[in-house]
Amino acid sequence: MNILISGAGVAGQALAYWLHRHGHTATVVERAPRLRDGGFAVDFRGEALDVLDRMGLLGQVRALDTQMGDATMVDADGRPYATLPAVVYAGDLEILKGDLTRLLHEVTCDVAEYVFGDSVTRLEEQADGVRVEFERGAPRTFDLVVGADGLHSRTRALAFGPEERFLRHLGIYSAVFSLDNYLGLEHTGLLYSVPGKAANIFSARGNTEARAALHFASERFAYDRHDLAEQRRILARRFAGEGWEIPRLLREVAACEDLYFDANAQVEMESWSRGRITLLGDAGYCAAPTSGRGTSQALIGAYVLAGELAAAGGDHVRAFAAYEREMRGFVAEHQKAGREGAEAFFMGTPTQELLDMLAAGMPHTERGAVVRLKDYPA
Ligand SMILES: Cc1cc2nc3c(=O)[nH]c(=O)nc-3n(C[C@H](O)[C@H](O)[C@H](O)COP(=O)(O)OP(=O)(O)OC[C@H]3O[C@@H](n4cnc5c(N)ncnc54)[C@H](O)[C@@H]3O)c2cc1C
């Protein structure tokens, strides 16, 4: 089958890999002019390690492990008051999001067609395929269309309706960006947190760089998601007058090239599929960054979707139904973790006792443990 994937993120590229393994032809259309390599570290838990193993990538991902140690909570004067155990924020294995995106691209760029700088504008389901119109390219017809275009999925909007119907805002906005490791952090991070606001800085790439994040509590508000200057102004306003390293971080935000700013939100849908169109990863069932499971979910979803298509001999109706059945319970669990994470997010100055309790409750898998994924015929 000829299958169009909208979005070259983790979900879209992992799906391109598995579709090729099952003998299909994938075309990936990505709105950005090139791979988007910004973002913080992402971590893998449980079954996602098994998927990486089945893709033959576990060794390469392990080689890129950020190897972070415990991080330190600091007050407004930079004085440490508690330790955040690494298992709470780095999971079983953690790598930079950009490294993962690049790795997935390396293993799929020769086996899938990639179209950068374009986007789907119209989807028309026909008896034997979906006619797709694009912003730039000529219309084409595909057997199936998969929306892997993230939280603000265009595919979802075109096939299911406006995002307001499906997004549950969790009351937090986050910004992530790269900067020099000017504090000389070594495989560790510093976290600052007051009611309603938090910031952190972590060393990255063997301590040669750093990544910082700014988070604030807010009801949902309107802004232009493509206007980075406006997002910088929002951050400057929200964090004006804050202590610790915040004044420096605001200067860094103003100069950085890879600002990623978005609401922490979840996507809740009764069904992820309509006819020959289905959704994958954040587009269909985002669990929010506070779940710490978005990347694992995207990888596993790609494996299951491609596998169920193979198991159903290409019968997309059966395959999409099976994909949802396999994934629903798992997604519900992750979304619950995302909501709980958001509720606990702005706890002011957490005590060591609370942080240790959090660490004790984290699902922890033995590194490389192989868990319950179905085997699909190749
Ligand atoms: C730049 C970036 C940085 C991120 N940083 C973090 C982070 O620090 N921490 C965290 O927890 N999560 C982060 N995320 C989200 C995280 O990557 C996802 O939760 C998770 O990996 C699931 O991935 P996904 O492929 O479903 O969605 P995403 O990773 O969001 O990928 C979606 C892809 O679709 C593309 N796209 C969007 N609209 C269109 C369109 N109309 N047409 C074609 N393509 C489109 C996007 O450019 C993107 O490449 C980030 C996402 C991005 C894009």
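L354 is partly exposed, since its relative accessible area of 33% lies between the limits of 20% for buried and 50% for exposed residues. The model in which this value was computed is a predicted one, and in it L354 belongs to helix α12, which covers residues 352-361. Together with M347, M357 and L358, L354 makes a nonpolar surface patch of about 340 Å².

From the helix we turn to the strands. Seven of them form an open sheet with mixed pairing, and across the sheet they follow the order β5-β4-β13-β14-β15-β12-β16. At its edges stand β5 (80-84) and β16 (260-267), each of which pairs on one side only, and from one strand to the next the twist averages 25°. In general, the strands of a sheet are joined through backbone hydrogen bonds, in either a parallel or an antiparallel arrangement. Within this sheet, β12 (residues 167-179) and β15 (residues 209-217) are paired in the antiparallel sense, and eight bridges connect them. F177 faces A212 of β15, the two residues standing opposite each other.

The cysteines remain to be considered. C256 counts as buried because its relative accessibility, at 9%, is under the 20% limit, and C286 is likewise buried, with a relative accessible area of 3%. When a disulfide is taken as a pair of cysteine sulfur atoms within 2.5 Å, the count for the model comes to zero.

Conventions. Residues numbered from 1 in each chain as written. Predicted model: local features only at pLDDT ≥ 70, side-chain atom pairs only at ≥ 80, totals over all residues. Heavy atoms only, no water. Patch = residues over 30% accessible without salt bridge, like charges linked within 9 Å, V, L, I, M, F, W, Y side chains within 5 Å. Areas by Shrake-Rupley, 256 points an atom, 1.4 Å probe, with all protein chains shown as cover. Salt bridge = Lys/Arg side-chain N within 4 Å of Asp/Glu carboxyl O. Helix = DSSP H or I, 4+ residues; strand = E, 2+ residues; numbered from the N terminus. Buried < 20%, exposed > 50% of the residue type's maximum accessible area, 1.4 Å probe, protein only. Pairing = 2+ DSSP bridges. Axes fitted to C-alpha atoms, helices over the stretch in contact; angles between N-to-C directions.
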